[in-house]
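I'm opening my notebook on this one. Here is what I looked up, entry by entry.

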Amino acid sequence: MYIFIKNLIDQLDIQEIAPDRKNVLDGIKMHIQQKLGSSQNLGLTFICTHNARRSHLAQIWASVMATYFGRHSVSTYSGGVEITKMHPAVAETLQRQGFKIHKLSFTENPVYAVRYDEFASPEICFSKQYQDKFNPEENYIAILVCSAVEEACPVVVGCERKFLLSYDDPKISDGTPFQEEVYAQRSIEIAREMKYLFS
């Protein structure tokens with residue numbers, strides 16, 4: 001794992017997570033432990049409406065934390081109910097936090113390879129519906145990272161369990177002087193909670 005990212009993870013204090021938030025995370029954690037305890041491969045799909053910001057951050061940080069804690073049977077994915085594009089600020093934020101970002105296509109919905117370790121496969125990120133063939137079709141855990149998707153998508157096809165783990169949308173800062181700070185804060189918040197989930 002790249003040293004800058006490892007140092008960032010080492011400094012994340014899971015004691016900063018509020019008790020009510022830990023209660024939500026504990027429900028997900030228990031299900032993950034059951035799956036890993038039975039030696040099953042585990043697919044986690046993070047879902048938000050547009051698959052543009054929060055779901056990508058959660059996919060990437062969950063993958064990083066699974067690697068950090070040696071949970072090698074975990075695979076992470078993201079999707080939405082609509083296709084847009086991964087917002088460029090997500091890539092810029094992750095790059096500042098130590099990731100290597102490679103833009104693989106330059107279409108309206110570009111594909112990014114996000115690397116956090118020289119020897120691990122990169123996370124492939126682009127906006128897609130959660131049912132896209134790139135993602136698992138069944139027996140995965142769906143984690144909804146925005147409350148709007150819970151309303152838009154009350155039934156998540158193919159998942160074995162669904163959890164709501166909502167985050168505030170950094171989109172509110174787009175085009176403002178606070179954009180860089182807000183995206184960084186959201187990324188760190190998600191990283192801290194993924195560290196708790198896999199610790």
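Predicted model: local features only at pLDDT ≥ 70, side-chain atom pairs only at ≥ 80, totals over all residues.

**Entry 1: His 56.** I started with the neighbours of His 56, leaving out residues up to four places away in sequence: Asn 51, Ser 78, Met 86, Val 90, Cys 125, Phe 126, Ser 127 and Lys 128 all touch His 56. Contact here means heavy atoms within 4.5 Å. Residues are numbered from 1 along each chain as its sequence is written, and side-chain values use heavy atoms, with hydrogens and water left out.

Is His 56 buried or exposed? His 56 has 0% relative accessibility, so I put it down as buried (under 20% relative accessible area is buried, over 50% exposed, in between partly exposed, with a 1.4 Å probe and protein chains only).

**Entry 2: helix α3.** I found His 56 in helix α3, residues 54-68. Helices are DSSP runs of H or I with at least four residues, strands are runs of E with at least two, and both are numbered from the N terminus. Of the 15 residues of α3, 13 are buried, which leaves the helix mostly covered.

I then checked the length of α3. The expected span is 1.5 Å times one less than the number of residues. For the 15 residues of α3 that gives 21 Å, and the end C-alpha atoms are 21 Å apart, so the two agree. Just after α3, I noted that Gly 70 has a positive phi of about 75°.

**Entry 3: α1 against α3.** Two packed helices are described by the angle and the distance between their axes. The axes of α1 (residues 3-11) and α3 come within 12 Å and cross at roughly 85°. Axes are lines fitted to C-alpha atoms, for helices over the stretch in contact, with angles from 0 to 180 degrees between N-to-C directions. I therefore call α1 and α3 roughly perpendicular (65 to 115 degrees; under 35 is roughly parallel, over 145 roughly antiparallel, the rest oblique).

Which residues meet there? From α1 I listed Ile 5, Lys 6, Leu 8, Ile 9 and Asp 10, and from α3 Trp 61, Val 64, Met 65 and Tyr 68.

**Entry 4: Val 157.** I found Val 157 in the loop between α5 (147-152) and β7 (159-164). Val 157 is partly exposed, with a relative accessible area of 46%.
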